[in-house]
Amino acid sequence: MATGKSHSNKIRRSVGSRAFDAFNVTFLVLLSIMTLYPFWDSLVVSFSSLKGYLSSNVHLWPVEWSLDGYRYMLGNRELWSSYANSIFITVVGTLLNMIVTIMTAYVLSKKDLKGQRVLMFLCVFTMMFSGGIIPTYIVIKDVGLMNKLWAMMIPQLINTYNLVIMRNFFTAMPKELEESAMLDGCTEVGVLFRIVLPVSKPAITTVALFYAVDHWNDFFSAIMYINDRGKWPLQLFLRSMLFENEMAYASGGESLFLLGQPLKMAAVMLAIIPIMCAYPFFQKHFAKGVMIGAVKG
C-alpha cells in the first residue's frame, strides 16, 4: 500500500515538474522573441525599399530587397571619420577608465587603509548627487578641453558602479595570495600586476565592456563639448544626418532614399554592429564577473 502511494507521488511530482519546465520554456521563448524582434525588424527594414517598407506593418522578411540605405551610408566620407573618432574614444577611453578604476579599486579594497570608509562613502555619494551639467560644462571650458575628443573621456574616467564591482572583486580575493607575494619580496605594484590582475579577468572583462558600450553610445557629451563636425563621434553624426533629412523633408525637399525609414534602420545597424561583434569575446567572462563582483559589499 505504501509503495503504491510513493509511486503515485513520484508520478504527480514528475507531471508537475514537466508542466513547470514547459511553462518556463514557453515563457523564455516568448520573452526571447519579444527581445529579438525589434532588432530583427530593424535589420529587415534596412534591407527593404521604401515602397516595400510602407506596404507592410509587420516586417518579418525584407520586401523588395534594396541596399540603397547602406550604399548612401557607406559612401559618406563623414561616416568613416566619425567611425574613426568613435573607435578612438572607445579604445583609448576604455583603457584610461580601466587603469584609473583598477588602481582606485585596489586601494579601496585594503581594509587597513586609513579613512577607507570615508573614501568609499564619498565615492558612493557621487552615484546619488553630482555637480550638474552647467558646472561640468564650465570646468571643461576652463581647462581647455572644449572641442577636443579628450572632453568625452577625461570627465568620465571613473564610473562609481564599475568601481564598486572591481573593489568588491578585489576584496573577495584570498589575502594569502598577496601576503605570500609580499613575503617573496614583491611590492604593492608587483602584487597588483603579477598576482591580482591575472586572476581578475572576469571582473576586468565585465567592467571593460561596460565602459566600452558607454563610450560607443555616448552622444550627449559630443553635443555639449564638440563643435567641430570633423570630430563628431558616430552616434552624433547619425543623429545629425537623420535630423537634417527630416528638416529637408519638412521644407519640401526630396531625395531618392534619404527620407525613408530604411535609411534610419541602416544607420542603426551600422552603429550597433561593432559592439555586437565584440560582445562574444567578452560573454564567457561577463556573468561570472558581475556575480562575483556583486556578492560581497
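**Figure 1. Accessible surface and overall make-up of the protein chain.** The protein chain exposes about 18,200 Å², of which carbon and sulfur atoms supply 69%. Accessible areas come from the Shrake-Rupley method with a 1.4 Å probe, and for residues only the protein chains shown count as cover. The model is predicted, so that local features need pLDDT of at least 70 and side-chain atom pairs count only at pLDDT 80 or more, while totals for chains, interfaces and linings use all residues. Residues are numbered from 1 along each chain as its sequence is written, and side-chain values use heavy atoms, with hydrogens and water left out. The protein chain holds 13 helices and 0 strands; helices (H or I, at least four residues) and strands (E, at least two) are DSSP runs, numbered from the N terminus. Of the 297 residues, 34% are buried (buried means under 20% relative accessible area, exposed over 50%, partly exposed in between, with a 1.4 Å probe and protein chains only). Among contacts with a separation of 6 or more, 72% join residues 24 or more positions apart, a contact meaning heavy atoms within 4.5 Å.

**Figure 2. The nonpolar patch on the surface.** V118, L119, F121, L122, V124, F125, M127, M128, F129 and Y161 form this patch, with about 990 Å² of accessible area together. Patches are made of residues with over 30% relative accessible area and no salt bridge; like charges are joined within 9 Å, and nonpolar side chains (Val, Leu, Ile, Met, Phe, Trp, Tyr) within 5 Å. Helix α5 (residues 116-128) gives the most to the patch, with 8 residues. M128 is placed in helix α5 and is exposed, at a relative accessible area of 56%.

**Figure 3. The salt bridge between D68 and R71**. The closest N and O atoms of D68 and R71 are 2.9 Å apart; a salt bridge is a side-chain nitrogen of Lys or Arg within 4 Å of a carboxyl oxygen of Asp or Glu. Both residues lie in helix α3 (residues 68-74), 3 residues apart, about one turn of the helix. D68 is partly exposed, with a relative accessible area of 29%, whereas R71 counts as exposed at 55% relative accessibility.

**Figure 4. The salt bridge between E78 and R229**. In this pair the closest N and O atoms are 2.6 Å apart. E78 lies in helix α4 (residues 77-108) and R229 in the loop between α11 (220-225) and α12 (234-250), so the pair ties together parts that are 151 residues apart in sequence. E78 counts as partly exposed at 30% relative accessibility, and R229 is partly exposed, with a relative accessible area of 29%. A search of the whole structure finds 2 salt bridges.
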